[in-house]
Amino acid sequence: MKIAIVCYPTFGGSGVVATELGLELARRGHEIHFITYSQPVRLALLNPNVHYHEVIVPEYPLFHFQPYELALSSKLVDMVKLHKIEVLHVHYAIPHAYAGYMAKQMLKDEGIDIPMVTTLHGTDITLVGSHPFYKPAVTFSINKSDYVTSVSQSLKDDTLKLFNIKNEIQVIPNFIELDKSQYDPKIPCQRSVMANDNERIITHISNFRKVKRIPDIVKIFYKIQKEIPAKLMMVGDGPEKEKAEKMCRKYGIQDKVIFFGNSNEIDRILCLTDLFLLPSETESFGLAALEAMACGVPVISSNSGGLPEVNIDGVSGYLSDVGEVEEMAQNALKIIREDKVLAEFKKNAFHVAESFDIKNILPIYEDLYRKAINKY
Ligand code: GMT
């Protein structure tokens, strides 16, 4: 099949999912066209099945805001015609589903019918999309999509609660490519570069937005390191990073916390990690938690949104109510205090991650594309 994938090219989870999906589809022989404003961060190599088309928004001084949706929908029209694309898959409703619908209409005018699949990822529904300024457009674009998917049952429930949706929403969870990862004890992890032998390594990876509750991470770690020797690796960049750095200095733990910034070496960081922290206010799924688990890293998370669908309490880690930092710290210590217990949780985390193997999830998308193409 010839599939266009529209996504955000940044370090956010939706872009990562879209990119990994496209790459795996290409490996299975499909022709994939990524259409976005810069090359997706996880899209290292292009090949005959993987194309990238940049959406360029010309700067015009009259405009206070440059019209990205317009440029994107025009690019979609051009690329569908040029490459005979059969299906559009847009990730993240805003503004991609909206631009996709416009492209569909323009193409229809030229006698080309193309189906559109929209995947909802979370903040497009829970934080941004439900804002009254966006809600009518988001509702409209979801209802006008040929097929709609959401990355968890919890996100589906939220969407139905927040919007007047007439379409079916199919839950297709995020996935992980286990083959490429990770939990391979033979690969040397250079642990000694990061910590002493007696120290536990705790990691958080995100875009450091408010929703990630970054101060909770510092508080949890502060409590942990008072009990046992430990280091905290903070990976990613975003608006809450500076605050976290200040907090670490205030708590006197700055020597035990390493801030990495954005990284493409997530697997290498996770392979030396003992425990992952994700105390978010909300997560539609929590791809970062799944990536950790796929590397055999147990997770301490909040129980909000789709996290209970990924992190199984008492098995792959523990879940607590949002903001319960004391309980999260105690649960973390329960896991990492003893080697034997940690080893058990690591094994379990990997086993839970196995059920999200891309090999199980990809055929679901393929079936959906076939159904969409056959609809017209
Ligand atoms: O929150 C992020 O890290 C970015 C955000 C995005 O839109 O890219 O992630 C959302 O989509 C991911 C992929 O489906 C999910 O795994 C994340 O849980 C979700 N983030 C939130 O719901 C806050």
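The expected span of a helix is 1.5 Å times one less than its number of residues. Helices (H or I, at least four residues) and strands (E, at least two) are DSSP runs, numbered from the N terminus. The model is predicted: local features need pLDDT of at least 70 and side-chain atom pairs count only at pLDDT 80 or more, while totals for chains, interfaces and linings use all residues. Residue numbers start from 1 along each chain as its sequence is written.

**Stop 1: helix H3**

Select residues 93-109, which form helix H3. At 1.5 Å a residue, the 17 residues of H3 should span 24 Å, and the 23 Å between its end C-alpha atoms agrees with that.

Now colour the buried residues. A residue is buried if 20 or more other C-beta atoms lie within 10 Å of its own, exposed if 12 or fewer, and partly exposed in between, with C-beta atoms placed from the backbone. In H3 the buried residues are Ala-93, Pro-95, His-96, Ala-97, Tyr-98, Ala-99, Gly-100, Tyr-101, Met-102, Ala-103 and Lys-104. To see what covers them, show strand S1 (2-6), helix H2 (68-83), strand S4 (87-91), strand S5 (116-120), helix H4 (123-126) and H5, which are among the covering elements.

Zoom in on Ile-94 and Pro-95, which are joined by a cis peptide bond with omega of about -15°. Pro-95 is in helix H3. Then step just past H3 to Gly-111, where phi is positive, about 85°. For background, most residues other than glycine have a negative phi, and most peptide bonds are trans.

**Stop 2: H3 against H5**

Axes are lines fitted to C-alpha atoms, for helices over the stretch in contact, and angles run from 0 to 180 degrees between N-to-C directions. H3 and H5 are therefore oblique to each other; angles under 35 degrees count as roughly parallel, over 145 as roughly antiparallel, 65 to 115 as roughly perpendicular and the rest as oblique. The crossing of H3 past H5 is left-handed. A crossing is left-handed if the near helix is turned anticlockwise from the far one by less than a right angle, and right-handed if clockwise.

For the contact, select Ala-93, Ile-94, Ala-97, Tyr-98 and Tyr-101 on H3, then Ala-137, Val-138, Ser-141, Ile-142 and Lys-144 on H5. Two residues are in contact if their C-beta atoms, placed from the backbone, lie within 7 Å. By class, this contact of H3 with H5 has eight nonpolar, one polar and one charged residues. Ala, Val, Leu, Ile, Met, Phe, Trp, Tyr, Cys and Pro count as nonpolar, Asp, Glu, Lys and Arg as charged, and the others, Gly among them, as polar.

**Stop 3: H2 against H3**

Keep H3 and bring up H2: their axes come within 8 Å and cross at roughly 45°. That makes H2 oblique to H3. The crossing of H2 and H3 is right-handed. On the H2 side, select Tyr-68, Glu-69, Leu-72, Ser-73, Leu-76, Val-77 and Val-80; they meet Pro-95, Tyr-98, Ala-99, Gly-100, Met-102, Ala-103, Met-106 and Leu-107 of H3. By class, the contact of H2 with H3 has 12 nonpolar, two polar and one charged residues.

**Stop 4: two residues with positive phi**

Go to Lys-84, in the loop between H2 and S4. Its phi is near 55°, a positive value in a residue other than glycine. Lys-84 is exposed, with 10 other C-beta atoms within 10 Å.

Next select Phe-208, in the loop between strand S8 (200-205) and helix H8 (214-227). Phi of Phe-208 is near 50°, also positive in a residue other than glycine. Phe-208 is buried, with 23 other C-beta atoms within 10 Å.

**Stop 5: helix H8 and Leu-275**

The 14 residues of H8 reach 21 Å from first C-alpha to last, close to the 20 Å expected at 1.5 Å a residue. Its buried residues include Ile-214, Asp-216, Ile-217 and Val-218. Among the elements covering the buried residues of H8 are S8, strand S9 (230-235) and S11.

Finish on S11 by selecting Leu-275. Leu-275 counts as buried, with 29 C-beta neighbours inside 10 Å. Leaving aside neighbours within four places in sequence, Leu-275 is in contact with residues including Arg-200, Ile-202, Val-297 and Pro-298.
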